[in-house]
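Trainee: I have a model open and want to learn how to read it. Where do we begin?

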Amino acid sequence: MTQTMRAVEISKPGGPEVLVPTTRPIPEPAPGQVIIKVAYAGVNRPDALQRAGSYAPPPDASDLPGLECSGEIVGIGQGVSEWKLGDKVCALLPGGGYAEYVATPAVHCLPVPEGMGMKEAACLPETFYTVWTNVFMRGGLDGGEKFLVHGGSSGIGTTAIQLAKAFGARVFATAGSAEKCKACEDLGAEKAINYKEDDFVEVMKAEGGADLILDMVGGDYIPRNIKALAEDGRLVQIAFLQGPVAEVNFALIMVRRLTVTGSTLRPQSVAAKAEIARELREKVWPLLDSGRVAPVMDSSFDFEKAADAHARMESSGHIGKIVLEVAGG
């Protein structure tokens with residue numbers, strides 16, 4: 001193995017054009033870590049936020065973007081026993097995925113599902129970790145409940161629709177075009193609401209309200225979400241495309257016994273993310289192995305053209321996940 005690798009770095013805060021090819025030393029595995037030779041790296045909204053200078057990586061993480069990948073384990077740190085050299089995995093990363101090699105905690109790796117290619121596997125970790133922890137662990141979604149996800153055609157949305165449906169929920173989604181709404185319904189949404197034409201609050205009220213809402217929009221969606229909830233409903237916030245500030249009538253929360261919560265994934269401890277991985281392996285990976293659930297792919301870009309991938313994501317024209325091809329496979 002050579003001592004250096006190709007990577008894509010953020011040259012300065014800014015638009016997609018600040019993503020530039022570079023050369024970096026190949027990382028060494030710390031205790032508890034593995035080194036993955038990257039086949040594909042997923043592209044996610046937090047990458048764009050980091051690129052823009054509004055989402056700093058944790059102090060102990062790589063400054064390179066990239067929070068998920070698929071690939072082959074080529075290095076193993078002290079204390080790692082659950083993986084061996086040559087294992088094919090997909091993994092949640094603390095950063096550094098836009099590179100030929102990346103280090104990550106071994107407990108954040110999951111096997112590539114049966115019959116699935118590396119390209120599809122690279123789409124799994126960030127979205128499946130996020131959806132599982134927020135919709136099921138934090139949001140407590142049960143079979144028969146009414147679930148509304150905003151941004152239903154996004155990577156998060158397409159994953160949430162499929163998992164909620166697989167676990168017996170009635171699924172609703174919002175999206176911004178007829179094509180995106182159809183994609184949501186094809187994945188299992190009972191009704192997809194075109195937010196440019198219809199008010200999701202009125203639609204959900206007509207259904208008796210949502211038991212759980214997963215939102216990444218924020219802004220004026222926050223008070224509208226509260227109005228759209230059923231009695232004892234839960235709102236889980238995971239991002240703020242329209243900003244984190246809103247005026248909320250807390251009397252509605254009290255009287256209707258609502259729960260408002262949320263989380264971010266990246267700052268959580270290694271142990272917390274390992275527990276999410278354990279639950280995914282037990283409860284979700286059988287659905288992927290059997291083909292009942294699968295990632296929705298939008299497009300693939302050569303990883304040195306990461307700027308084009310970011311521009312595609314920020315155009316909001318995509319349906320599903322965008323990946324960077326590093327070594328392929």
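Trainee: How many nonpolar, polar and charged residues does the lining of the largest pocket have?

Mentor: Some ground rules. This is a predicted model, where local features need pLDDT of at least 70, side-chain atom pairs count only at pLDDT 80 or more, and totals for chains, interfaces and linings use all residues. Residues are numbered from 1 along each chain as its sequence is written, and side-chain values use heavy atoms, with hydrogens and water left out.

Mentor: Now the idea. Rolling a probe the size of a water molecule over the atoms shows where empty space is left. On a 1 Å grid over the protein atoms alone, a pocket is an open set of points where a 1.4 Å probe fits, with protein on both sides within 12 Å along at least five of seven lines; lining residues have an atom within 4 Å of a point. Here the lining has 22 nonpolar, 17 polar and eight charged residues. Nonpolar means Ala, Val, Leu, Ile, Met, Phe, Trp, Tyr, Cys and Pro; charged means Asp, Glu, Lys and Arg; the others, Gly among them, are polar.

Trainee: Which residues are closest to the centre of the largest pocket?

Mentor: Arg-45, Ser-154, Met-216, Ala-239 and Leu-241, out of 47 lining residues.

Trainee: Is His-318 buried or exposed?

Mentor: Buried means under 20% relative accessible area, exposed over 50%, partly exposed in between (1.4 Å probe, protein chains only). His-318 counts as buried because its relative accessibility is 9%.

Trainee: What is His-318 in contact with?

Mentor: Contact means heavy atoms within 4.5 Å. Leaving aside neighbours within four places in sequence, His-318 contacts Arg-45, Ser-153, Lys-180, Asp-298, Arg-312 and Met-313.

Trainee: What volume does the second largest pocket have?

Mentor: A volume is the space filled by probe spheres set on the grid points, which are joined across faces, edges and corners. For the second largest pocket, the volume is about 460 Å³. Among its 27 lining residues, Asp-60, Ala-61, Ser-62, Pro-94 and Ala-103 are the closest to its centre.
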